[in-house]
Amino acid sequence: MDSMMMDMMKSMPADKMMGMEMSMMQECIETCSAAAMAATMCADSDTGADMAKCSSMCSNMADVATAMMRMMMRPAGYDMASMRAMMMACVEMGKSCSAECMMHADMDEHCRMCAKACDAMVMACEKAMSSMSMA
């Protein structure tokens, strides 16, 4: 799948990429997808375990990561100011979700795994933001 995504990104006209480094963009998309999946599974595992805040936080994380990933896959509609704001929101949501899940990581493996996925997404999004040109 990684090569298919990169091949599709390379097939897009260069002007549509609006200055984003493709490999960093791909990493951000992949880690957003992984974080969304981990957070969805963590939220589901939290239901009934008296962990309503963690479950809600993970559900929000999944929504934000999915929206970020989908935005990045549509470069023709890029507005760099909006993209940067969304990435910043994704980073902050990832940090918050990771912190919440880490409070339960010693008791619940799914929380530890979700925190790890969120941390990877945060790093990839921060790296992608640093590669964005604001021209």
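Helices α2 and α3 cross in a left-handed sense, meaning that the near helix is turned anticlockwise from the far one by less than a right angle. The model is predicted, with local features requiring pLDDT of at least 70, side-chain atom pairs pLDDT 80 or more, and totals for chains, interfaces and linings using all residues. Residues are numbered from 1 along each chain as its sequence is written, and side-chain values use heavy atoms, without hydrogens or water.

Helix α2 spans residues 22-46 and helix α3 residues 52-72. Their axes come within 8 Å and cross at roughly 155 degrees. Therefore α2 is roughly antiparallel to α3 (angles over 145 degrees). Axes are lines fitted to C-alpha atoms over the stretch in contact, with angles from 0 to 180 degrees between N-to-C directions.

From α2, the residues involved are M25, C28, I29, C32, S33, A36, A39, T40, C42, A43 and D46. They meet C54, S55, C58, S59, M61, A62, A65, T66, M68, M69 and M72 of α3. By class, this contact has 16 nonpolar, five polar and one charged residues. Nonpolar here covers Ala, Val, Leu, Ile, Met, Phe, Trp, Tyr, Cys and Pro; charged covers Asp, Glu, Lys and Arg; the others, Gly among them, are polar.

The protein has five helices and zero strands. Helices are DSSP runs of H or I with at least four residues, and strands are E runs of at least two. Of 135 residues, 45% are buried (under 20% relative accessible area, 1.4 Å probe, protein chains only). Among contacts between residues at least 6 apart in sequence, 72% join residues at least 24 apart.

Conventions: Parallel < 35°, antiparallel > 145°, perpendicular 65-115°, else oblique. Contact = heavy atoms within 4.5 Å. Buried < 20%, exposed > 50% of the residue type's maximum accessible area, 1.4 Å probe, protein only.
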